Amino acid sequence: MNIVNADTFKEKTALTERSEAELRFLEETYCSHGDTVHYAAEPKFFEECKGSYVYDAKGTPFLDLQMWYSAVNFGYRNERLNAAVHRQLDRLPQIASQYLHREKVELATMIAQDAERKFGRKGRVHFNVGGSQAVEDSLKLVRNYTGGKSLMFAFEGGYHGRTLGASAITSSYRYRRRFGHFGERAQFIEFPYHFRGPKGMSKEEYGEHCVRKFARLFESEYNGVWDPKVGSAEYAAFYIEPIQGTGGYVIPPMNFFTELKKVLDQYGILLVVDEIQMGVYRTGKLWSIEHFGVSPDVLVFGKAITNGLNPLSGVWAREEMINPTVFPPGSTHSTFASNPMGTAVALETMKMLEEEDFGAAIMAKGAYFLDGLKQLQKRHAIVGDVDGLGLALRCEICKEDGFTPDKATMDWLCDEGMKGDLEVGNKVYGLVLDVGGYHKNVITLAPNLLISHKEIDLALTLLDQLFTRAALR
């Protein structure tokens, strides 16, 4: 790396384009490293993006298989969604949220009416900016509706954000460690992660086993969560990701949530579904919970609703939880909560999704991609497990025994992909991968939902090259 002296910058004018070395010096000097960058020692600089690719200063295409953590579901610089941004920018780009604008009302209506058709419940939509902020809003809704109960259930391996309230229901202690005691930290329940579950059980049996362990908490007052004399639980809600995101795209058995919901309903526990990463057709349906046959009390969304173009998130909740008589104006608020740039592009996203059968196309592409991953699993001993639902796919990297987690190799694969020196058909590519999993050894694949079969083949070829290099290193 080139060493840049601070005096160099005194000679620069505002119009001078700085070199990458100079930018790295400035980043090291003035930028916080606390905003989730620096997973690599020197994060890659990118200059352009289009479709399924990001490009560095040399013009090298990097096939992106994580698409901004599933925020850019419809491809970089999607022409239709970008055009919606430009139209709104030229008409009504800013307005205070004490006033109304057409896009907010129409977007809320589309989401609420869709939820009523699918879940059989009338509800309303409340907007915010980021996923963690929407989770915070949902916590206020739950606390308010349950008379101030502040304790929640959540899953081992679950991730709901890094604000204080969201960190309390996120299982990783490392997100809380430096910020004091969390007295209202969730009670974390085992998730049916079948690949690492008890041997000798089918996936469905393991799911039933996890539900029975949870139900046992309510057997008597001495199990700690239930007062049978008054029929009241100490806990207000269970926060779930139908498919675990940061936890490694773990897909539960299809019967799991129907059985879990029976226990929740029996003891008056609300079901809050976090769709921030898996929503907006990542799994082939608008909301991933639709695959599992249960209706949420609260649903939180964000990320891909705007294709990453302008921050917008939100909460859908049942009418009795969110109507103005119980959740009045100002109950929770952010200056940019229902900003017109965000609501405009989200509205266009929803309209686009209604015009064709996105679900069928995504399920077909996902099955094709998963089949390719299974072929790679047969050829490479380090691939311990593959699974997927729609275009939410996982590839677990293990030691040669096919089971022991291998985080070191996973990290190496990510770094190797970022070198941009993979060759296919006389062209050079890079590969953008994301790391997830309980042991940080899982490639979590969230490609562009508009990815072509040719690009899927390219992805599999590039992964094959990386796995081969890993075996030879």
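**View 1. Glu319 is a buried residue, with a relative accessibility of 19%.** Here, buried means under 20% relative accessible area, exposed means over 50%, and partly exposed covers what lies in between, using a 1.4 Å probe and protein chains only. Before you look further, please note that this is a predicted model, in which local features need pLDDT of at least 70 and side-chain atom pairs count only at pLDDT 80 or more, while totals for chains, interfaces and linings use all residues. Residues are numbered from 1 along each chain as its sequence is written, and side-chain values use heavy atoms, with hydrogens and water left out. Glu319 has a partner in Lys122: the two form a salt bridge in which the closest N and O atoms are 3.2 Å apart. Lys122 sits in the loop between helix 4 (102-119) and strand 4 (123-128), while Glu319 belongs to helix 9 (residues 319-322), so this pair ties together parts that are 197 residues apart in sequence. Helices and strands are DSSP runs numbered from the N terminus (helices: H or I, at least four residues; strands: E, at least two).

**View 2. Arg196 and Glu396 join in a salt bridge, with 2.8 Å from N to O.** The term salt bridge stands for a side-chain nitrogen of Lys or Arg within 4 Å of a carboxyl oxygen of Asp or Glu. Distant parts of the chain are linked here: Arg196 is in the loop between strand 6 (187-189) and helix 7, and Glu396 is in strand 14 (residues 392-397), 200 residues apart. Are the two partners buried or exposed? Both Arg196 and Glu396 are buried. Side chains of opposite charge can pair when their charged atoms come close.

**View 3. Glu320 and Arg318 make a salt bridge at 2.1 Å, N to O.** Glu320 is partly exposed at 38% relative accessibility, whereas Arg318 is buried at 9%. How many salt bridges does a search of the whole structure find? The total is 31.

**View 4. Helix 7 (residues 203-215) meets helix 8 (residues 256-266), their axes coming within 9 Å and crossing at roughly 15°.** That angle makes helix 7 roughly parallel to helix 8. Angles under 35 degrees count as roughly parallel, those over 145 as roughly antiparallel, 65 to 115 as roughly perpendicular, and the rest as oblique. The axes are lines fitted to C-alpha atoms, for helices over the stretch in contact, with angles from 0 to 180 degrees between N-to-C directions. The crossing of helix 7 and helix 8 is right-handed; a crossing has this hand if the near helix is turned clockwise from the far one by less than a right angle, and is left-handed if anticlockwise. Gly207, Cys210, Val211, Phe214 and Ala215 of helix 7 make the contact with Phe256, Glu259, Leu260, Val263 and Leu264 of helix 8. Contact means heavy atoms within 4.5 Å. By class, the residues of this contact are 8 nonpolar, 1 polar and 1 charged. Nonpolar covers Ala, Val, Leu, Ile, Met, Phe, Trp, Tyr, Cys and Pro; charged covers Asp, Glu, Lys and Arg; the others, Gly among them, count as polar.

**View 5. The axes of helix 11 (residues 358-379) and helix 13 (residues 453-472) come within 10 Å, crossing at roughly 20°.** Helix 11 is therefore roughly parallel to helix 13, and their crossing is right-handed. Among the contacting residues are Tyr368, Phe369 and Leu373 in helix 11, and Ile456, Leu460 and Phe467 in helix 13. The contact of helix 11 with helix 13 has 9 nonpolar, 2 polar and 4 charged residues. In the loop between helix 11 and strand 13 (383-389) you can find His380, which is buried at 9% relative accessibility. Not counting residues up to four places away in sequence, His380 touches Asp464, Phe467 and Thr468.

**View 6. Arg77 has a positive phi, near 50°, although it is not a glycine.** Most residues other than glycine have a negative phi. Arg77 is located in the loop between helix 2 (67-70) and helix 3 (79-91) and is partly exposed, with a relative accessible area of 44%. Tyr281, also not a glycine, has a positive phi near 75°. Tyr281 lies in the loop between strand 10 (270-274) and strand 11 (298-301) and is buried at 15% relative accessibility.
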